[in-house]
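Let us walk through this structure together, step by step. Please keep the sequence and the model in view as you read.

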Amino acid sequence: MTEQTGLEALSSESRRFDPPADVAASANVTAEVYEQAAADRLGFWEEQARRLQWDTEWTSALDWQPPYAKWFVGGRLNVAVNCLDRHVAAGSGDRVALHWVGEPEGDTRDLTYAELLRQVCMTASALTELGVQAGDRVCIYLPMVPEAVISMLACARIGAAHSVVFGGFSAQALVDRITDAGAKVVITADGGYRRGAASALKPAVDEALKRCPDVTSVLVVKRTRQDVEWTEGRDHWWSDLVDRQPESHEAQAFDAEQPLFLLYTSGTTGKPKGILHTSGGYLTQAAWTHWAVFDLKPDSDVYWCTADVGWVTGHSYLVYGPLANGATQMMYEGTPDAGGRDRWWSIIEQYGVTLFYTAPTAIRTFMKWGDDLPGGRDLSSLRILGSVGEPINPEAWMWYRRVIGGERCPIVDTWWQTETGAMMISPLPGVTSTKPGSAMGPLPGISVDVVDGEGTSVGKTGGGFLTLDEPWPAMLRGIWNDDARYRDTYWSRFPGRYFAGDGAKWDEDHVLWLLGRVDDVMNISGHRISTTEVESALVSHPKVAEAAVVGAADETTGQAIVAFVTVKGTVGDAESGGDAFAQELRDHVAKEIGPIAKPRQIVLSPELPKTRSGKIMRRLLVDIAERRELGDVTTLADPAVVKAIDDSMAAAAGAKR
Ligand code: PRX
């Protein structure tokens, strides 16, 4: 490994680490892959599609009627067969697919490919018994248990699209997603283990279904054995219904464009968007990127992606990518500090994890907890480290490399989105050099272009808006039930290009740096939450007159939610700076959206700063929230408002002291 001398004195932009010689020597791909893809992009993706098993080969690689793409036109395949049956048929049935680790110490399950296949077959038949057919939607609201993976693959096997809703979302969020997707069946559990205790899931489903009359069946996994309410005829225990199904299931092939899943994500308006992904192109890119970016050796690697299946990372890099590649992987139910703050490192030590994929927020949290915890465990099995979800600051990158990677493991910082379906920008560990904090450049077969406000390319120097100017196999095929929003959100700002919503810049070495969102989407611990969504939740409280929400820089979570709120009348605890009321509002947001959307801080203010035309000045609120010198305030209708907000923040800080 070569490292430039005097490194510490250099800025992160000029620090560079070459691929370690041992990784380069045995890497799955070589530098030629970039040239090959550049010379024949579609041919390159066709070659990657051939890594999968197709029942019918496609007649053309791409049908592109901007902004609508069809990949591998006419091809037919079954996604679940690609993730399971073909590995078993190839003799890998005894290979462990999932080493599952529950949060309570000692609660573990290992599932081989053969066992996972058996369970997916039984679940597929159970769903069929419940009336689910190809083209239907099934809502999955589960903790991190193997049944989450099994349910997703069972849907794929029968051609039904799943819509996984993160277990941390509220009943209201569940109602919105079930209704928009038109799901008939919900798969859930009595509860799951988190932060050392059993938390309930089914009550949220019961509450939600009062407002979802079209849901006919609920399949319930017994995980915590807590008491649950039961609706006869609608609710079925997994152990009753699934366990009595036949152990094999004949899978049918579906069109390459068969919907595989919907995944709801926040946009710039209050209503979450159902991002639609289909089968052949999605699986091609998820599988290839997982294999190439993690340099996966299925026979010897133990891979661990710490994301929850409720997010896109869990879909593409815990379920579809790794399983399509026949990987052995970890799945962990709980929080990083359950049973001790070195829980993750003890799992890596115990299972000999070689490839590890997590988010910068987690890395920054571990940095705060100190080097001793990972230092006390043997992490020498690790080969490659990945990062995803938000920009990784150079300090966290260097810590990750030094403390977790023992200065030996290449780091792959992977940029992508729910909408892109799979990784788009990342180094290749045996090929590309890396710079702390940079995702380096587009993967082979991917075309990015940074443009200025007018949509003119900045070439390979300078900064602007990140766009994707060629279609890619795993791209979203639309927004469920809202085609106008699809065209408007992604394709109208820069006609003919996909606008990602992120800023980016090229440095002098033509290396790409992602700069975060340029729209009203916040990134909290790598999770997307829109300012409008939180504002809508706040104003739905009877006492709130108006709310403005901003993402303020936060050392650990990247951004944190700060809400400025004006109230109707008085709130009753003015002497304490409104502390009790602020807490009430935070709980209200948790109820409306989920605990991840709780504002870190609520500032009660007599008015919000507005321009003379009545527009809330968010920029100013970000400055206030970050306690920065205020920018230009001359456009404010009433400059006294800013002083009042500042006083209110000072009062709140004073009340806490
Ligand atoms: O702003 C980018 C940021 O996360 C957004 C996508 O969020 P989501 O759809 O929830 O998917 C997250 C997991 C793929 C992007 O628009 N983002 C994601 N990865 C990175 C990143 N920002 C910088 N560097 C990354 N590696």
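Tyr320 touches Val79, Cys83, Met152, Leu153, Ala156, His162, Leu260, Phe261, Tyr282, Leu283 and His315, leaving aside residues up to four places away in sequence; touching, or contact, means heavy atoms within 4.5 Å. Before going further, note that this is a predicted model, in which local features need pLDDT of at least 70 and side-chain atom pairs count only at pLDDT 80 or more, while totals for chains, interfaces and linings use all residues. Residues are numbered from 1 along each chain as its sequence is written, and side-chain values use heavy atoms, with hydrogens and water left out.

Buried means under 20% relative accessible area, exposed means over 50%, and partly exposed is in between (1.4 Å probe, protein chains only).

The domain assignment of the protein gives domain 1 (5–504) and domain 2 (525–653), with bounds that come from an automatic or database domain assignment. Their centres, taken over C-alpha atoms, are separated by 33 Å. Across the boundary, 25 residues of domain 1 are in contact with 20 residues of domain 2.

Now turn to strand β11 (residues 217–221). Five of its five residues are buried, so this strand is largely enclosed by the rest of the structure. In a regular strand the side chains alternate between the two faces of the sheet. Both faces of β11 are covered, with buried Ser217, Leu219 and Val221 on one side and buried Val218 and Val220 on the other. Which strands pair with β11? Strand β8 (residues 185–189) runs parallel to β11 and is joined to it by five bridges, and strand β12 (residues 235–237), also parallel to β11, is joined to it by three. Two strands pair if DSSP finds at least two bridges between them. Val218 in β11 stands opposite Val186, and the bridge partner of Val218 in β12 is Asp235.

Cys139 touches Ser163, Val165, Leu174, Ile178, Ala183, Val185, Val186 and Ile187, not counting residues up to four places away in sequence. At 1% relative accessibility, Cys139 counts as buried. The C-alpha atoms of Cys139 and Ala181 are separated by 8.4 Å, although these residues are 42 residues apart along the chain.

Helix α3 (residues 41–49) has Arg41, Gly43, Phe44, Trp45, Gln48 and Ala49 as its buried residues. What covers them includes α2, β1 (60–65), β2 (68–73) and α10 (280–293). In the loop between β1 and β2 you will find Pro67, and a cis peptide bond, with omega of about 0°, joins Pro66 and Pro67.

A search of the whole structure finds three cavities of 30 Å³ or more, and the largest cavity holds about 80 Å³ of space. Of the 14 residues that line the largest cavity, Phe17, Asp18, Pro20, Pro410 and Thr434 are the closest to its centre. On a 1 Å grid over the protein atoms alone, a cavity is a set of points where a 1.4 Å probe fits but cannot get out, and a pocket is an open set with protein on both sides within 12 Å along at least five of seven lines; lining residues have an atom within 4 Å of a point. Grid points are joined across faces, edges and corners, and a volume is the space filled by probe spheres set on the points. The second largest pocket has a volume of about 300 Å³.

Definitions and conventions. Helix = DSSP H or I, 4+ residues; strand = E, 2+ residues; numbered from the N terminus.
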